[in-house]
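Here is a short report on how this structure is put together. Keep the sequence and the 3D view open while reading.

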2 protein chains.
Amino acid sequence: MATIRDVAQLARVTPTTVSRVLNNSGYVKEDTRKRVETAIADLAYLPSTVGQSLRFKRTQTLGLVISDISSMFWITVIRGAERFARAHGYSLVLIDTESSEQQQQSALENLIRRQVDGIILMPVSARTEPIRFVQRQGIPIVVLDHPMRDEQVDVVRCDTEQASYDLTRLLIERGHRKIAMITGPNNFATATDRADGYRRALRDAGLPVDETRILYGRFLPESGAAMAAKLLELDDRPTAVVTGNDFIALGAANTFRKAGIRIPEDLSMVTFDVAPEDLVLDPFFTSVLQPGALMGERAAEILLRRLDGQEMPYEEVLLPTRIAEFSSIACPRA
Amino acid sequence: MATIRDVAQLARVTPTTVSRVLNNSGYVKEDTRKRVETAIADLAYLPSTVGQSLRFKRTQTLGLVISDISSMFWITVIRGAERFARAHGYSLVLIDTESSEQQQQSALENLIRRQVDGIILMPVSARTEPIRFVQRQGIPIVVLDHPMRDEQVDVVRCDTEQASYDLTRLLIERGHRKIAMITGPNNFATATDRADGYRRALRDAGLPVDETRILYGRFLPESGAAMAAKLLELDDRPTAVVTGNDFIALGAANTFRKAGIRIPEDLSMVTFDVAPEDLVLDPFFTSVLQPGALMGERAAEILLRRLDGQEMPYEEVLLPTRIAEFSSIACPRA
DNA sequence: CTGTTAGCGCTTTCAC
DNA sequence: GTGAAAGCGCTAACAG
């Protein structure tokens, strides 16, 4: 890999002049410029950004820390963020924390050491210390998908409490009265928000809230399967279930199928975050769709604005969701 | 962001000593070490990797260039590569080329300038020049998912010709005789391989190969939809269709549904690359599953071996596929 | 045991 | 119009 000095030598000038040619700064005699350009071409020279980073204290890099890359939803977030970053001359370093607090910490340390210009974080927990840790290093950070009440940080997310309300309401309108909710960890805002919206919808409809019908687990197929099994043990079985995300839904659906329960004939199901309409095959889950790509974009955009030196108050961007209706709802039987 | 000099100053030593403490190299008096460690902690100092990169000419970074991040398949590849890289002290820079030759070129230039230690490339075309371009810079590169006949480069992929053979054979065994194939661009090996396997399966079964039943398009839902529409115009309609990937399948299924054609009752469908079994809801496509995570891992692993200085001949890693059977096949009707 | 020096690749004063 | 020198953060060879 050629360096600026190799080019200089070949063109019989100093690195200074090569730099001037590269950056179109200062005057360079046409003749000299030609020689330099030839040398650059001959050596297939590309200026090293690590040298530049050291000089400018800017790496033109954003860090994206995801707590679990698996879900179809997150790929759209990654895609949106990468696309926006790339369009603005930044690259993306992607790190999966596998939902581990410890791995999140080392991911953040890694990114700080790499001197990334900004960080997008989908946190593994509600702890705010990791965010402060990054901010203390003077690196702007945006939190994704997680409400940070009273926190001095930018947040991009959807109002999933409201989305959950709407989703539950849909079931109520179809005649369901006994509705269950299976969601993620009860110390995790994205999980409890869904439960909150669900409760509010029931209350608004004058229906009782039966806490035994609300199950907390993890946002994983196995957990969904286990919670579904618990539901089947209830004395008074629900006629419909709201699930917290696509993985829980798929795991639960599996359990139900094995138990000979048909969806939607025997049990209606609705969920969050399955793939966009044109990427699924009917029959499929009626589901809340979060605009993942937009979330990634907006997060990156906030970072770039801050890197641009714009002074602005911390903001919480609430993106709109919508419900894609498929065939997983039926009217309850007698 | 504190530098090594800030730490040195606070601990009243030179950067050298701080470096020694950081890297546990050379002798440091216990007392001095303590002072340095305190200073490090006080300043929340983390050594900059860009300084180290400049010094060592190693960035501990791999580049992953994907030609289209959308598919569920690619997320597993990304995940596998990231995980393996992280486990070995490397980070991943992710770039989407959006299937554009030009963007691929700038992605590669970007990564070279960033001095990444290795590159994993899912190429947008069969052109070999981009690969040589990277190799000329002395950076090891692994090609994903694309056969590179006679090429001096490592390749990790699945034998999709054989997989397509098996998939087609499955339809033949169920009694189908009129089988169509809709796949990607006919100048793209991953697309033509599928067509080749399909043809071979027909021939081996003594069935005629009707080229009008083989349609080339793009690996996108819209293209799948359009090709499906073409199939419907054929005089002698097929009773089954093999599609080249999940997107084509979903697009095609959409067209069929709109035309009132039921799957599998009226038409059987099989495809490639839908999500792993536990992440789909039956009914779903019977499909060839490629081990995406493993592909990502193996690609990263080859790079690390080469970075480790291991001399070895270029290899083509062929990973096994398997078929996940769902409900999209029925026996043909009279 | 610790400090001095030099250099990785780059750009930017400041001279000439 | 071009070059020399300095410095971004880090480490290693060499002194002492």
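## The end of a sheet in chain A

This is a predicted model. Strand β10 of chain A, residues 286–289, is joined to β12(A) by 3 bridges, and the two strands run antiparallel. A:Leu289 stands opposite A:Arg322 of β12(A).

These strands belong to an open sheet of 6 strands in chain A. Its order is β7-β6-β8-β9-β10-β12, with mixed pairing. β7 (214–216) and β12 (322–324) of chain A are the edge strands; each has a single partner, so one side of each has no neighbour in the sheet. On average, neighbouring strands here are turned by 20° against each other, direction ignored.

Another open sheet has 12 strands and takes in strands from chains A and B. The order is β11(A)-β5(A)-β4(A)-β3(A)-β1(A)-β2(A)-β2(B)-β1(B)-β3(B)-β4(B)-β5(B)-β11(B), and the pairing is mixed. Which strands stand at the edges? They are β11 (316–319) of chain A and β11 (316–319) of chain B; each has a single partner strand, so one side of each is left without a neighbour in the sheet. Neighbouring strands of this sheet are turned by 20° against each other on average, direction ignored.

Within chain B, strand β1 (residues 61–66) and strand β2 (residues 91–96) run parallel and are joined by 6 bridges. B:Val65 stands opposite B:Ile95 in β2(B). Helix α7 (residues 129–136) of chain A packs on the sheet against β3 (118–121) and β4 (141–144) of chain A, its direction making about 160° with that of β4(A). In chain B, helix α12 (residues 292–307) lies across β1, β3 (118–121), β4 (141–144), β5 (154–158) and β11, running at about 165° to β5(B).

## How the chains are related

## Domains and helix pairs

Chain A is divided into domain 1 (4–47), domain 2 (58–158 + 292–317) and domain 3 (160–290). The C-alpha centres of domain 1 and domain 3 of chain A lie 64 Å apart.

Helices α2 (residues 15–23) and α3 (residues 30–43) of chain A pack at about 85°, with axes 10 Å apart. That makes α2(A) roughly perpendicular to α3(A). Residues in the contact include A:Val18 and A:Leu22 of α2(A), with A:Val36 and A:Ile40 of α3(A). By class, the contact has 5 nonpolar, 2 polar and 2 charged residues.

Helix α6 (residues 101–113) of chain A and α7(A) cross at roughly 10°, their axes coming within 11 Å. That makes α6(A) roughly parallel to α7(A). Among the residues that meet are A:Leu108 and A:Ile112 in α6(A), and A:Phe133 and A:Val134 in α7(A). The contact of α6(A) with α7(A) has 5 nonpolar, 2 polar and 2 charged residues.

Conventions:
Residues numbered from 1 in each chain as written. Chains lettered and ligands numbered in written order. Predicted model: local features only at pLDDT ≥ 70, side-chain atom pairs only at ≥ 80, totals over all residues. Heavy atoms only, no water. Domains from an automatic or database assignment. Pairing = 2+ DSSP bridges. Helix = DSSP H or I, 4+ residues; strand = E, 2+ residues; numbered from the N terminus. Axes fitted to C-alpha atoms, helices over the stretch in contact; angles between N-to-C directions. Contact = heavy atoms within 4.5 Å. Parallel < 35°, antiparallel > 145°, perpendicular 65-115°, else oblique. Nonpolar A, V, L, I, M, F, W, Y, C, P; charged D, E, K, R; others polar.
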